[in-house]
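Hi,

Here is the structure I promised to pass on. Have a look at it first, and my notes follow below.

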Amino acid sequence: MSTIAMGHAGTEAAPAEKKGLWSWITTVDHKRIGILYGVTAFIFFLLGGLEALLIRWQLGAPDKTFLSPEAYNQLFTMHGTTMIFLGVMPLSAMFFNYFIPLQIGARDVAFPRLNAYSYWVFLFGGLVLNASFLFNAAPDMGWFAYANLTSKQFSPGLNVDFWIIGLQILGIASLAAAVNFFVTILNLRAPGMKMMRMPMFVWMSLITQVLLLLAFPIITVALVLLMLDRNFGTHFFVPSGGGDPVLWQHLFWLFGHPEVYILILPAFGVVSEILPVFSRKPLFGYAAMVFSGCFIAFLGFGVWSHHMFSTGLGPMADTVFSLGTMLIAIPTGVKIFNWIGTVWGGSIQYKTPMYFALGFVAMFIIGGLSGVMHASPPADLQQTDSYFIVAHFHYVLFGGSIFALTAGAYYWFPKMTGRMLSEGLGKVHFWLMFIGFNLTFAPMHILGLNGMPRRVYTYSAGMGFEFWNAIETAGSLILGFSFLVFIVNILKSLKSGEVATADPWHGATLEWSIPSPPQEWNFAVEPTVDGRDPLWELRRANGGTLPEPARVSGKGIHLPSPSYWPIVTAFGTAMTLVGFLMHVTLWVILAGLAITMIGIFSWAFEPADH
Amino acid sequence: MAHDTAHAMHPPTATGLDTRKLAIWTFIGSECLFFATLISNYLVYKGHSLVGPLPHEASQCMLHGEMTACEPIFEIPLVTFGTAVLLFSSFFVVLALNGAQKGNRKQLIGWLSATVVCGLFFIGMQVYEFQHFYHKGLGYTTNLFGSSFYTLTGFHGAHVTIGIIWLVTVLILALRGKLPPEKALNLELAALYWHFVDVVWIVIFPVVYLMR
């Protein structure tokens, strides 16, 4: 691997190390923003987990009154909304932020201040959504908010409004970030890193950004129409005015189905990084992995109505959407085949990230198979609205996304912090999570097929649901406990963990070529790339070892300056939208717009670097 | 590759495309879905209004508190003229960009001003049209036609307004002499967005106003 010098000759002082709260508020460093995303999302994730535990406690035995029906509705709605928009998506965004620039050999993302803006808008969106609890008006109509549960007539409180405005704010964060990462991946690749040499995580991230760019505008419009119905008296989804509630379902799932791939494709990417490294073999079928990812994304826009079989769209629509859905099993099967092919015959290193990655493959196969089952409309009509569906999407979202993201956390933690996590505690975490997860969600298949409905706050004794529900609640406690082990592991490691070298796992990609944690400028010299596994090639050329990279002074390296305009603009953006929350509060909207305008102009005319 | 003239913040990109330009194109791609959804919403509810007024045909509607016969809402000549003006503004901004790239200040400022004037005329036309339609009995919540029409064209108008603010910002830069040829990209980005807003109207005009 040859290297090319980059940056001005060193006449300027080295950038000072940045500390303190203000440095975090004004940071435009993709690594710090990644950590902000990670910590914030993990807190929201724990909140969503707590909501789930309350739900499980209520369902642990028949006829419990631990939760009122109203509270139960709020909790399952907020659990779903939180896990999707404030948990899994921003946890993926943590890895996008931290590792896309590192894996493509860049100093930062294409638009560092826009990146900071995305984070702050995300934070404000999450806070607005959860502020609903303070008003005792958390959203309570399910995460997909079917019309006309959401109409003013049936939902007169602020519950739906908090959901609309919260999601609208979060959507802006996602779109801004998607533009940024799309451009970053295409334009900021180091010399020699052709598209077909990019790490698989970067590929899957790129596809995810395309999905975000194309799916989020649809939900934006749907939310606007719903807000207009509630606050301005239009009838887009109100039958008495000629509106069609089913249009909401179409718009929601046109967004919602690509959204499930937005949740799982980054996880595919993470696992495709980990399996080769711990099998000491290159990824099996690289090109097939890329194209199957593209194919999944493409098909993802054409199968939304499989969420609506019970709506009664007619045999033709049902047939088309059913076949399209079954077709997705092909590229997904290709991926699973290739993951197994990667591990097959490898020299497997049984480290914690590998445990979680293998756990992901196994659990995701189960979730994928039940998914193919309800691709068939007659089967779906039996399964829809039952716990079978709850089992299915937890196997793909928890068994899939969360297992993979946890694998990623163990894999990349040394790079992000410079400390190793404990292998012992990591394996305890894995087994507790694996056992707890399966105890919680596997029995839901049985309960669902036996007719236990979703979204109902209790069940009567004698219906045959008691035994498995008790098991599930016990399982959920084990699952919750496993994350306490994870937190202890993180805290212990940060305090006194083993110091990580630059490349503790013998990784293949560029992030392992620089010190752990990386210095602010990432690469003191811009790397050039000759193949798909640049670090393995270097290691081979070097006779099996790699010298530990030295920390350098960074003198003369240009970096974007910190800025507080992103947080100001983000605040203005959120404020403008909050003005539409209750009824139209004009002064809030105008003040929000004014702050946004001031923010944008100050930002545009602020000098971008030192 | 470290030569003094290349700014360290702007190394040559992997695709050869300018990063900011690629970002605008990406954003435009996303915006296409935004307007596609709004246009779909209009089309889905076309002909589903429970009461008048209607776009192309006479109907019974509520006016000044009583049911009366209402004339069709759309009057094609005015909006055709507005469409033409917006189309020409796209041509003018190309001329302005050409001036900026050549360093021809007069051409730049003249045509950029003309672009802004066209944009303002279009917004003026839309405000007049909305008022006129309102007086003909089409309120925002009167029927599905009114709601979906005002929402679609209103969002388009908001985009035109943002475009005008952007162009005026660039115009002020040009007047202050801060738009030399090497910074012509600052105008090109605004112009790309302006073309997009224009193209969206080229879809809306036939689909909403002409299609019966």
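A residue counts as buried when its relative accessible area is under 20%, and as exposed when that area is over 50%, with partly exposed in between. Keep in mind as you read that this is a predicted model.

Let me start with Tyr98(A), which sits in helix H3 (residues 69-104) of chain A. Its relative accessibility is 2%, so Tyr98(A) counts as buried. What does Tyr98(A) contact, once its neighbours within four places in sequence are left aside? The list is His30(A), Lys31(A), Ile35(A), Lys415(A), Met416(A), Pro517(A) and Pro518(A).

The peptide bond between Ser516(A) and Pro517(A) is cis, with omega at about -10 degrees. You'll find Pro517(A) in the loop that runs between helix H15 (466-496) and strand S2 (526-527) of chain A. Chain B has a cis bond to show you as well, from Gly52(B) to Pro53(B), where omega is near -5 degrees. Pro53(B) is in a loop too, between helix H1 (19-44) and strand S1 (59-63) of chain B.

For Ala145(A), phi is near 50 degrees; the residue belongs to the loop between helix H4 (112-131) and helix H5 (159-187) of chain A. Is Ala145(A) buried or exposed? It has a relative accessible area of 0%, so Ala145(A) is buried. For Asp385(A), phi is near 65 degrees, and its loop lies between helix H12 (377-383) and helix H13 (387-417) of chain A. Asp385(A) has 37% relative accessibility and therefore counts as partly exposed.

On to the aromatics. The whole structure, over all chains, holds 93 aromatic pairs. Among them is the pair of Tyr350(A) and Tyr355(A), which is edge-to-face, with 6.5 Å from centre to centre and 85 degrees between the planes. The two partners fall into separate classes of accessibility: Tyr350(A) is exposed at 52%, whereas Tyr355(A) is buried at 19%. Both values sit beside a cut-off, as exposed begins over 50% and buried ends under 20%, so I'd read those two labels with the percentages in view.

Finally, chain A as a whole. Its secondary structure comes to 18 helices and 2 strands. The radius of gyration is 24 Å, close to the 25 Å that the globule rule gives for 610 residues, so chain A is as compact as a globular protein of that length. Along the principal axes, its C-alpha atoms fill a box of roughly 70 × 60 × 50 Å. Of the 610 residues in chain A, 61% are buried. Taking contacts in chain A between residues at least 6 apart in sequence, 83% join residues at least 24 apart.

As for the surface, chain A exposes about 22000 Å², and 71% of that is supplied by carbon and sulfur atoms. The side chains of chain A include 29 positive and 30 negative ones, and the centres of the two sets lie 9 Å apart.

Over to you!

How values were computed. Residues numbered from 1 in each chain as written. Chains lettered and ligands numbered in written order. Predicted model: local features only at pLDDT ≥ 70, side-chain atom pairs only at ≥ 80, totals over all residues. Heavy atoms only, no water. Helix = DSSP H or I, 4+ residues; strand = E, 2+ residues; numbered from the N terminus. Buried < 20%, exposed > 50% of the residue type's maximum accessible area, 1.4 Å probe, protein only. Rg over C-alpha atoms; globule rule 2.2 N^0.38 Å. Contact = heavy atoms within 4.5 Å. Areas by Shrake-Rupley, 256 points an atom, 1.4 Å probe, with all protein chains shown as cover. Lys, Arg positive; Asp, Glu negative; His and termini not counted. Charge placed at Lys NZ, Arg CZ, Asp CG, Glu CD. Phe/Tyr/Trp six-rings, centres within 6.5 Å; stacked < 30°, edge-to-face > 60°.
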